[in-house]
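Subject: Structure handover

Hello,

I am passing this structure on to you. Please look through it first; my notes on what was found follow below.

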Amino acid sequence: MNFKAANRRKLVEFFQSGCKTAQGFGIEIEHIILHKNTHLPASYEEENGIAALLERMKPFYEEAHYDGSHLVALSRGNEHITLEPAAQLEISAGPFENLLDAKFAYACFRKTLDPLLDELGLYTPMLGYVPTVPAKTLKLIPKFRYDAMNAFLGAEAYEGVCMMRASSSLQISIDFRDERDAMRKFRVSEKIAPILALMADNSPFYEGKNRHGHMARFALWTRMQQDRCGVVPGSLGADFGFDDYADYILTRRAILVPYAADVAAILEGDNGERVAAGAAGAASAAGTGEEHTTSPVPAYIPEHDDHWLYAGAHTFDELYAHRAMTDDECMHALSMVFPDTRLKNFVEIRPADALPLSHALGYMALIKSIFYSDDILDVLDRSLAPYGEQDVLDAKQSLIEQGYQGRAYGHGAAFWADKLVALALDTMTREERIMFEPLRSLVYHRETLANMVAHFFPLHTVFDGNSTAKRSIKPDETYAAHASLLAGTFPSWSAACVCTYAEAGHALSGMWPPLRLSTDCELDKAHDQSHDQEGDQRFDGNLAWEHHQEHTQEHMHNNGAPTSIYAPSSVPVIGILPRYDTEFTNLTLSEGYITGIIAAGGLPLMIPLTFDQENVERILDLCDGFLIPGGPDITPSLYGRDEEPQLCRTSPMRDAMEFMLIPEILKRDIPLLGVCRGMQALGVSMGCTLNQHIPTKYSHSDIKHVQSTLFAPPSHTVEIDASSQLYSLLKQKAIHVNTIHHQSLETIAEGVRVSAQASDGVVEAIELPGYRFAVGVQWHPELLWRTHKHAFTILHALVNAAANNHTQQHR
């Protein structure tokens with residue numbers, strides 16, 4: 001009797017056991033563990049390695065699980081800690097009904113984990129791929145299962161070794177009502193997998209070097225044989241069901257199976273296949289280039305250990321044709337495939353890299369909103385119905401090569417990402433929207449976490465050629481700064497969502513080396529050291545920058561923002577105008593303005609958008625300095641011009657308040673800094689006019705004034721007038737700046753001095769001689785102040801001038 005039908009039925013019954021009306025979700029988050037001093041991965045058996053970590057974690061858990069004498073897993077309640085092949089630490093938890101429950105569970109896990117990591121000199125970077133070494137150098141944990149998988153998958157492609165040893169992912173599991181609901185979710189998930197992978201791309205490095213292209217971890221799967229990864233064959237069709245997925249499982253090559261005497265008899269005498277698998281793996285690795293000349297796989301796989309049999313290329317239906325599979329054998333078979341979406345008694349969505357908590361919560365919010373809305377699923381299912389398996393592969397390849405510039409299903413990648421965001425926002429609760437904001441902001445700016453890390457901290461090769469000799473690297477420059485980077489350089493973070501980003505500051509302890517939070521007495525000491533004996537608030541800009549660099553950790557409060565360097569009673573208040581979102585009627589402020597002003601010693605205050613003269617007077621009385629940030633185009637009628645076709649969105653409300661406020665600021669000689677649009681508003685208020693579209697007038701220029709990469713890294717140079725106030729501050733004739741503007745000052749009014757220009761002649765900075773501090777810059781110091789001294793110096797100069805104004809006003 002052939003038991004294939006019985007085994008298919010058993011798998012189908014297991015899938016059916018997941019049918020429920022509940023709308024919970026589960027999470028699996030993997031963690032790469034590195035040494036603090038070397039940033040090299042920690043192995044299982046080394047001193048103070050992962051085995052030692054699990055032993056220290058064991059008292060906090062209800063159950064410990066061993067493979068022979070080796071501790072390999074822990075569990076308590078609905079939380080399970082397991083190890084991936086090269087000792088990546090995984091937490092799986094749930095189901096949860098809401099994001100707050102998931103956040104709390106993960107926070108409890110990290111409360112256990114982080115102090116123990118610190119004791120052992122370890123940390124977790126929360127990346128999708130090991131940053132510092134090739135996968136072949138990473139040691140497998142002592143587990144027969146992983147030896148077998150490593151040999152078999154390594155025989156197919158070196159990427160099989162990379163996937164097992166060096167990758168780290170975030171997986172979300174969702175419930176389904178019935179078979180139709182399950183397969184619709186499965187189908188939609190497979191088709192949007194390339195878009196999800198791009199949105200959750202957090203793998204800036206690959207094999208110890210800067211990656212090429214995008215989605216380095218996700219790309220591994222496309223270079224492996226597609227029989228057990230990628231899109232499940234036939235699954236995009238509307239008639240694909242539980243029985244088809246069961247057949248897919250049973251016809252996969254098993255690699256290994258739980259030990260059973262009858263199955264061992266079938267495999268008896270198959271040593272030749274095992275040796276061939278190991279040798280093929282070595283040959284495959286050696287044939288992929290000089291990086292992989294050392295075999296990543298053993299040349300021989302044992303027949304079995306006490307718990308497992310090596311099955312090689314035998315399929316599950318061949319091995320169990322003579323009897324029904326046990327429950328354990330079924331569960332094992334389901335775990336031996338790695339498609340973009342996997343079916344169990346839930347649907348497991350697998351494209352995302354491991355993400356820091358702030359962005360992992362956003363990803364959870366996205367998945368929950370999309371897959372628990374019948375309307376959204378219907379829209380996506382209908383929109384994507386014409387596209388098949390080759391279209392998915394084409395989309396993956398395009399996005400891997402070009403990121404947001406790639407194409408998928410007849411549209412740009414950005415179109416689909418925007419569509420997912422818009423659809424999801426429509427069903428989110430207020431709390432979910434807040435948690436979604438960090439991920440939404442990345443999509444809005446066509447950026448990924450991986451791009452941000454790669455742009456700011458390029459990683460130099462840490463291995464010499466095809467040997468394993470380490471080269472010197474500068475971890476303090478490359479890694480330690482990453483926490484502060486992600487704490488404060490995302491553009492356009494909503495002021496309404498500050499609580500989320502403060503929480504992200506806490507989460508940064510799991511992104512790169514943890515930030516040490518200083519005590520109140522340490523902060524007071526830092527404050528005292530910033531004053532001279534006479535209490536004068538002025539201090540040198542170079543010292544301020546050094547103070548900022550040396551005490552970034554000491555200046556971090558529990559809200560993730562740096563503290564002021566001035567005594568509380570004399571902190572100058574810097575009023576910052578908000579952006580006005582006409583679509584959602586939101587007042588927003590880029591986060592870098594807030595943290596930058598605080599780090600420079602000021603107290604930032606987002607002032608209300610008001611046109612009432614009495615309220616404007618109150619604002620003027622309250623603030624010691626002002627910062628006018630970037631924003632939409634200025635209405636051309638304000639500088640006597642007609643609108644040109646290239647004019648972008650304007651903000652009449654911003655216009656009205658700025659041109660009421662700026663003259664009063666100058667009248668009172670209150671320090672003022674204009675950034676981007678703010679510089680243009682300062683110029684227009686003095687009588688300057690604007691060029692409405694730079695490419696029209698400066699067609700000869702090779703400078704892209706709206707840079708195509710992340711806005712924070714500098715993209716061109718500006719030349720500074722050596723006789724200007726700006727030069728006296730920066731002591732530099734040229735600086736590298738970022739650029740996010742398509743307009744510029746054109747005619748320069750009397751009383752306005754151009755203090756910096758780009759090489760193409762575009763005005764990059766102005767100042768008003770005769771005023772205490774009235775400066776405008778076309779670039780964005782709020783996105784640069786953590787990494788570039790000149791940006792911090794400009795913010796400090798504003799705060800210093802405001803401090804002097806404050807002192808005079810309160811004598």
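This is a predicted model: local features need pLDDT of at least 70, side-chain atom pairs count only at pLDDT 80 or more; totals for chains, interfaces and linings use all residues.

Is D244 buried, partly exposed or exposed? Its relative accessibility is 30%, so D244 counts as partly exposed. D244 also belongs to a patch of negative charge on the surface, where it gathers with D178, E179, D239 and D243.

Next, a charged residue in a loop. R228 sits between α7 (216-222) and β11 (229-230). Which side chain of opposite charge is nearest to R228? That is D227, 4.4 Å away. A salt bridge needs a side-chain nitrogen within 4 Å of a carboxyl oxygen, and R228 is buried yet has none. Not counting residues up to four places away in sequence, R228 touches F152, L153, Y248, R253, I255, M336, V337, F338 and P339.

Last, A135. This residue is in the loop that runs between β7 (122-123) and α4 (144-156). A135 counts as buried because its relative accessibility is 0%; the cut-off for buried is under 20%. Leaving aside neighbours within four places in sequence, the contacts of A135 are Y129, Y158, V161, C162, R165, A166 and E207. For one of these, V161, there is also a C-alpha distance: the C-alpha atoms of A135 and V161 are separated by 6.7 Å, while the two residues are 26 residues apart along the chain.

Regards

Definitions and conventions: Residues are numbered from 1 along each chain as its sequence is written. Side-chain values use heavy atoms; hydrogens and water are left out. Helices (H or I, at least four residues) and strands (E, at least two) are DSSP runs, numbered from the N terminus. Buried means under 20% relative accessible area, exposed over 50%, partly exposed in between (1.4 Å probe, protein chains only). Lys and Arg count as positive and Asp and Glu as negative; His and the chain ends are not counted. Contact means heavy atoms within 4.5 Å. Patches are made of residues with over 30% relative accessible area and no salt bridge: like charges are joined within 9 Å, nonpolar side chains (Val, Leu, Ile, Met, Phe, Trp, Tyr) within 5 Å. Accessible areas come from the Shrake-Rupley method with a 1.4 Å probe; for residues, only the protein chains shown count as cover. The place of a charge is taken as NZ of Lys, CZ of Arg, CG of Asp or CD of Glu.
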